[in-house]
Amino acid sequence: MRKMHFLKTMKATLICVILSTLITTACSDDDTPTKRTPTPTTNGASMISDPAKLDMIYSLVDLEGDKGRIYEMTYTVDYKLDDAINFGINGQAKLTQFVGAYLMDTHKGKSMSLTYDAGCSAFAAPDKSTGNFLMGRNFDFNHRDKDANRIDIPVIVVHTAPQGGKKSVSFVDGNFVNYKKGFYTETGNDLSMLMALPYLLLDGINEDGFAISVLKLDGKPTRQTNPANKTIFTTVAMRMLLDRASTVKEATAMLEQYNMCMDTDTASYHFFMADATGDYAIVEYTGKNVNINHPQNMEVLRDNDTLRCVTNFYVSPTMVKTEFGGYSSHGRDRYNNLRAGLLKYNYNVTPSQALELLKVVAQGPDDDKSSTGFTQWSQVYNLTKRRLTLNLTREWDKTFEFGIEE
């Protein structure tokens, strides 16, 4: 074991950190496992005093050594999922309250920015040559500062193994809580918000081979209001499903028991999910005039090869003659390219072909001024093997690999 001493900037000197064995492997071009050594930092966590939480925060690893682009953490403390479900989280403000009340030791009222103004593409298909089932995913978001300059983000890979739940690995855009590239070692950053990581995921996979991703839709956000159901927020729902669902059917059955609330005035979201049995589905919340009214009807779209891919418009038949469904151009070209590619391969792709599809629909270049037009990461999930490969920012020659411990 290695001892490393970190200076806590707010009050006192932190105790040494013990590096535990991580549950996955990240590989470079030659598939040589990256050595797991915590990344030294002098930044403090002003809202955290619990030694176990501090040990976890200071176990963060920069997977490229010192580039600050992709970090990895095993979340080892209780993130209180049952309390989150019972808290009635209906949006960003309530999620912030929950994190402050249940995961911080001292809450100083710091806010989180959870603006998921994302593009994104996803698809699922079998690899019949091996019998494996695959899911592809691009996460697209072009973060800009007030002068329209692109902000480089950190990707945070989060491993969880909750007591009584399923192990999973999920992926977070650190800038959603105002962490920029290199935040961990750049002086002056408070690391307390790392406690919120389990509820900031954008996609992930669990030990049973169930995977889920979230993609943006235009129009009013979903707000269901059944008085018999508890209220659940987008990312809390994804965390619940990774922790508790083994299959797409189990996941959709769980979602039907909750009021989904996706708070932002300008957008809603749909989920794309797939599992190791070969099942896949798009979950949408639909309604009439969603540019004016909040959608409330949950629809599960599956069992049709045309539903194997999704981008950023409603695909439900009930939304065909609407401006955010059949008349929408948001992600239409990417969708058409995915459909054409899957058809070309007769809905049967190898991992390398899946990556080629992601390349076709990846977004850039850097001078694109749109909010969504930049691919932050691309993933090919092998749901059968419970593993995935990840490429950052269209760097196709450098691949990271992650998976679930057997």
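The largest nonpolar core of this predicted model takes in 116 residues, where a core is a set of buried Ala, Val, Leu, Ile, Met, Phe, Trp, Tyr and Cys residues joined through side-chain atoms within 4.5 Å, and buried means under 20% relative accessible area with a 1.4 Å probe, protein chains only. Leu194, Val236, Phe271 and Met273 have the most contacts inside that core. Setting aside neighbours within four places in sequence, Leu194 is in contact (heavy atoms within 4.5 Å) with Ile57, Leu60, Met73, Tyr75, Ile156, Tyr179, Phe183 and Tyr184.

Residues are numbered from 1 along each chain as its sequence is written. Local features need pLDDT of at least 70, side-chain atom pairs count only at pLDDT 80 or more, and totals for chains, interfaces and linings use all residues, while side-chain values use heavy atoms, leaving out hydrogens and water.

Then there is the helix pair. The axes (lines fitted to C-alpha atoms over the stretch in contact, with angles from 0 to 180 degrees between N-to-C directions) of α6 (residues 332-344) and α7 (residues 351-361) come within 9 Å and cross at roughly 155 degrees. That makes α6 roughly antiparallel to α7, a label for angles over 145 degrees. Here helices are DSSP runs of H or I, at least four residues, numbered from the N terminus. From α6, Arg334, Asn337, Leu338, Gly341 and Leu342 meet Leu357, Val360 and Val361 of α7.

Pro162, finally, touches Tyr79 and Asp243, not counting residues up to four places away in sequence.

Technical notes:
Helix = DSSP H or I, 4+ residues; strand = E, 2+ residues; numbered from the N terminus. Parallel < 35°, antiparallel > 145°, perpendicular 65-115°, else oblique. Buried < 20%, exposed > 50% of the residue type's maximum accessible area, 1.4 Å probe, protein only.
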